[in-house]
Amino acid sequence: MSATVLIKKRKQWWRSYAIWFILPAFILYSLFVMLPTLSSIYLSFTSWDGISENVRYIGLDNFKEIWESPRVHHALKNTIIVAISLVVLENVVALLLAILVDQVRWLRNFFRSIFYFPVLMSGIIMGFIWMIILNYNFGVVNQVLDMIGLGSIKADWLGDPDFALLSIILSTVWKSSGYYMIIYLAGLQGVPQELLEAASIDGAGKWKQFRHVTFPLLAGATTVCVMLSMINSLKLFDQIAVMTNGGPGFATETLTYIIYKVAFGEGRQGFGTALAIVLFILILIVSLIQIRVLRKREVQM
């Protein structure tokens, strides 16, 4: 037997042997991800309530109701507002924090830890903390406004439809910015100092150095942060569930929250599953567009 044939047989044996290592993970993935996904597609065409054994096929009625429902339209509008606001605010704040920490000479690790600490808290805990901070009667925000003589602008931050969604957005920025700060900080530390020194010698100030040298070299970090921020904002749920429960009224309902409310609170599992599929398609389309635009920007820079 030639050496070539022996090597081929060993490769074939190893490939067949490796399947047994992959098989347990594949079975678990199939049972807990692929199978539920396929069953969800079927359930989206039914009027199932999530409990009874009666699963009645109703065709595209759920999707027709989604298209015509003012409540879903309002939730979609809130989702878009939250997504755009969080993508902009989280990335701006995270970049500013990264620049600040990168410039600090003393206690750099301390400041990194302080800014990153909110990320370690779950959305539920963070929601309870901000419920107390924004409480109308004893919340820190209104107490501070009283102390500085601005008591006239006090508000029921979570009970007023005009401020509830804004409160959720700002509290989420507080929680999440530290995560993106770490990514930007890693990008900043990869910027060659020689380029900055050359720009400084040519007469460029700090702003021009950042605009024409540093920021273009952060294109990769920006792509990652914007992508993650957009996906996470479209899936925002914990803060809404704890802080406002979708209220007041339907003022803070998003697509993610309305899926939970309709499927489990109102016993319309079929309709909720159809909404989940619509949200999945929305996230997929937005992600593909973002990847194409941001990758193109990286190449240009």
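The model is predicted, so local features need pLDDT of at least 70 and side-chain atom pairs count only at pLDDT 80 or more, while totals for chains, interfaces and linings use all residues. Residues are numbered from 1 along each chain as its sequence is written, and side-chain values use heavy atoms, with hydrogens and water left out.

**Aromatic rings**

- Rings of Phe, Tyr and Trp (its six-membered ring) pair if their centres lie within 6.5 Å; planes under 30 degrees apart count as stacked, over 60 as edge-to-face and the rest as tilted.
- The count by this rule is 13 aromatic pairs.
- One of them is the tilted pair of Phe 45 and Tyr 57, with 6.5 Å centre to centre and 35 degrees between the planes.
- This pair links distant parts of the chain, 12 residues apart, with Phe 45 and Tyr 57 both placed in the loop between α1 (3-43) and α2 (61-68). Helices (H or I, at least four residues) are DSSP runs, numbered from the N terminus.
- Phe 45 counts as partly exposed because its relative accessibility is 22%, whereas Tyr 57 counts as exposed at 56%. Buried means under 20% relative accessible area, exposed over 50% and partly exposed in between (1.4 Å probe, protein chains only).
- Tyr 179 and Tyr 180 form an edge-to-face pair, at 5.4 Å centre to centre and 80 degrees between the planes.
- Tyr 179 is partly exposed, with a relative accessible area of 36%, but Tyr 180 is buried at 2% relative accessibility.
- Phe 237, Tyr 257, Tyr 260 and Phe 264 are linked by ring pairs into a cluster.

**Charges over rings**

- A charge sits over a ring if NZ of Lys or CZ of Arg is within 6 Å of the ring centre and within 35 degrees of the ring normal.
- Lys 154 lies over the face of Tyr 136, 5.5 Å from the ring centre.
- Arg 268 lies over the face of Phe 271, 4.4 Å from the ring centre.

**Selected helix residues**

- Ser 177 belongs to helix α7 (residues 161-189) and is buried, with 2% relative accessibility.
- The Ser 177 side chain reaches the backbone oxygen of Val 173 at 2.6 Å.
- With neighbours within four places in sequence left aside, Ser 177 is in contact (heavy atoms within 4.5 Å) with Glu 90, Val 93, Ala 94 and Leu 97.
- Leu 166 is also placed in helix α7, and at 43% relative accessibility Leu 166 counts as partly exposed.
- Thr 223 lies in helix α10 (residues 219-234) and is buried, with a relative accessible area of 4%.
- The side chain of Thr 223 reaches the backbone oxygen of Ala 219 at 3.0 Å.

**Largest pocket**

- A pocket, on a 1 Å grid over the protein atoms alone, is an open set of points with protein on both sides within 12 Å along at least five of seven lines, and lining residues have an atom within 4 Å of a point.
- The largest pocket holds about 440 Å³ of space, where grid points are joined across faces, edges and corners and the volume is the space filled by probe spheres set on the points.
- Its lining has 14 residues, and Asp 102, Gln 103, Leu 196, Lys 206 and Thr 214 lie nearest the centre.
- At least two lining residues come from each of α3 (70-103), α7, α8 (193-201) and α9 (206-217).

Technical notes
Polar contact = N/O pair within 3.5 Å; in protein donor to acceptor, adjacent residues only side chain to side chain. 1 Å grid on protein atoms, 1.4 Å probe; cavity = no way out; pocket = protein on both sides within 12 Å on 5 of 7 lines; lining within 4 Å.
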